[in-house]
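Good morning, colleagues. Please look at the structure as it comes up.

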Amino acid sequence: MIRPFKAPALALCASILAVTSCNVAVAQDAGIAPRGQAVLPYAEQKYRGNVGPTYLDSDPAQFPAPRKAPKGAPNVLLVLLDDVGFGQFSVTGGGVPSPKMEELAKEGVLFNRFHTTAVCSPSRAALLTGRNHHVAGTGNITEVATGYDGYTGIIPKDTATIAEMLHQNGYITAWFGKNHNTPIYETSPMGPFDHWPNGLGFDYFYGFMAGDTNQVRPYLYQNQTALGTPSASRYYLSEDLADRTISWLKNAESIQPDKPWFIYYAPAATHAPHQAPKELIDQFKGKFSMGWDAYRQQTFERQKQKGIIPQNAVLTPRPASLPAWESLNADQKRLYERMMEVFAAYGSHVDREVGRVLDYVKTLPDADNTMIVYIVGDNGSSPEGGFDGTLNENAFFNAYLMSYQEILGRIDEIGSEMHFNHFPAAWAHAMNTPFKWTKQVASHLGGTRNPMIVKWPAKFQHGGEIRTQFTHLIDVAPTILAAAGIEEPRSVNGTAQTPIQGRSFLDVLDNAKAPELRTSQYFEIFVNRGMYKDGWWAASMSFEPWQAERGKFDPLTAKWELYNLNEDFTQANDLAQKNPEKLAEMTALWWAEASANKALPLDWRGAERFSAELTGKPNLAAGRTKYVYSGPLAGLPEASAPDLKNKSFTISAKVDVKDGTNGMIFTQGGNTGGWAFYMKDGKLTAAHNYLDVKHFIVRSDQAVPAGTRELKMAFKYEGGKETGKGGTITLLMDGKTVGSGRVEQTTPFKYSLSENQDVGSDTGTPVVYDYQGAFDFQGQLNEVVVDLNN
């Protein structure tokens, strides 16, 4: 039962609900009549001729005809970048060069009032389904799912994806890059696979199954098969994804040139870790010495010059909690400047690589009939580096903010595979120029407004124009359906569908003065709440996004702000005190929308939501205290592995070794945090990485002699019910203690979003740089047992 409303508010909500966005289906279609059928799949075609005793006495045989897309249906290339601010790339006035985006914008139209949800997985669910993110079960990322309908982290069967609809209407479909829309506890080799890309309507998938990944050493999948980590000496994920996409297109055009294709192309950039080729990083040396305050002013001026923002727009102030650039000391400036140089190289790199795909599409025979939808970010730029930046974004998810003093000594390693580095929150805020706040802050435009570029030469010739109509991610799927001339299905695979809530913006592509198609839209992430209605925006912020630890909070008494976006493009002028009646109307509308769209109950907790044990998320390892692995095992996700955090445990291995044997016995996590148990120079070794802040290594005082041995690592946790405390490692060989040592701190909530558990090798990044590469165990690994009953 939902309790937060008083009776007058309920009455007002009920009256407003009829005109809100929650039940708006596909509307404008620029004159393209929908075809197909409302129930998918189509019935199987059966032979209807006469059958006699033999084929000589029968009507001619006839095979079932393949499903064909409507005549003239376009190819669709849907590109979605990650963690990009409105003022980041040069296409919208930012300081990171994006010549390929600018080229596309000159050929198509750029939307300057397009909106995302403020966090990645919810944005992607909304994009793929055409429904609001809570309706699509994805009120936040899957790692912080809580089990309520709007927060399961599972895209439900009644919100079928655009890929499923296109696939069943004659398209071939492919997904390249990031998948962060499969529940974390379903990403193991055992599946189940119905929430993987192949179960969501995609014929082909190549990419990674996590919210982020090392750009040099990602753990990759093809369809449902783990490929592991690339071993090439010079590898970058953005380059690989572009190569794979072009290769797939070549095959599609060679094998089925008459069949339209749909590609969802989702690079990891520019999400942490910020990594790029060194030669590219060096090209940006000195380019950001002006600092974040001057960067914002310069970007703001360029945005006005380019017509990206209105001439009367006001540059919003920097949050008081973020420091002025001129208040920093010389070491801080040197470090933060370097972090921004790395970030700029990373962004420039992905622009180039996506540009290679765009260039290839231009060479195709049906290039003119290819609709390109390029969404420049799934949310605003990320503040998850904290005040000083970080060597490890995962530290933020464990409620730890690094200091610049902890990073400075490793400044030359930033941008390499060695760290999961992330720049300071003030640079993230600058990337979102001219708006307030950042990623996670769904209450303000800095978290929710991203550029979108659309091109479809066969239908629209409006190169270089800007569109100012308010649009949202949920409007993309119905636009693609309308472009293809495919009817919105009411039933898919036996499940009645929740109506698509987006509206087609094809008419907007054709006419810069077309009426506003989205007049109402709610927003919510981590109880940062926003409500848009007819030019007005109400905003209520819960916590500053760099506040990793969150205490008591009352959403019923939280402050709300009010903006008139028709006159105030950047949310610079809060009208809450001047217009309390409008504010009351807007807040009541938000509660109505939240109720209708499954956004309740509200949950503002931070890092603790990453813990499966604290939140009750399913886990393939839950309910057991003993785990037996009969030989090597690679790529078991942390969410499906034994939870080693905040407790005592032992890892024992039965092995056959020779003198001087090396190699990994067991590892969970990587260079962002975790454990490793291995042999180095013949000695038994155990290591813990505390958030890339501290590294603890314990070695045996003697080498392991050749023969059949039982090797054990025992960790005694000394923190009781507290999280993240230390303990003692004891190393044993054939029951005899051969070494011990202290671990002062342990990772409390999450080792990584993308690293795995491995037995007999290390498929990801090293837990400590005491070893390199896969570090395969050189002996015979007969059995490894993890025991939590210590």
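Let me begin with two charged residues, Lys439 and Asp83, both of which are buried. This is a predicted model. The side chains of Lys439 and Asp83 form a salt bridge, at 3.2 Å from N to O. The pair connects distant parts of the chain, 356 residues apart: Lys439 belongs to the loop between α11 and α12, and Asp83 to the loop between β2 and α2.

A search of the whole structure gives 43 salt bridges. Another of these joins Glu103 to Lys100, with the closest N and O atoms 3.6 Å apart. Both residues lie in helix α2, three residues apart, or about one turn of the helix. Glu103 counts as partly exposed because its relative accessibility is 29%; Lys100, at 22%, is also partly exposed.

Next, Arg352 pairs with Glu353, the closest N and O atoms being 3.0 Å apart. Are these two residues buried or partly exposed? Arg352 has a relative accessible area of 40% and is therefore partly exposed, whereas Glu353, at 3%, is buried. Through shared partners, salt bridges join Arg352 and Glu353 into one network with Arg234, Glu239, Asp243, Glu279 and Arg356.

The largest nonpolar core contains 150 residues, and Trp427 and Ile665 have the most contacts inside it. Helix α8, residues 330-362, gives the most to this core, with 15 residues. Another core, of 58 residues, lies apart from it and includes Leu166 and Met452.

Finally, helix α3 is mostly covered, with ten of its ten residues buried. Just after α3, Gly130 adopts a positive phi of about 75°.

Note on methods:
Residues numbered from 1 in each chain as written. Predicted model: local features only at pLDDT ≥ 70, side-chain atom pairs only at ≥ 80, totals over all residues. Heavy atoms only, no water. Core = buried A, V, L, I, M, F, W, Y, C linked by side-chain atoms within 4.5 Å. Buried < 20%, exposed > 50% of the residue type's maximum accessible area, 1.4 Å probe, protein only. Helix = DSSP H or I, 4+ residues; strand = E, 2+ residues; numbered from the N terminus. Salt bridge = Lys/Arg side-chain N within 4 Å of Asp/Glu carboxyl O.
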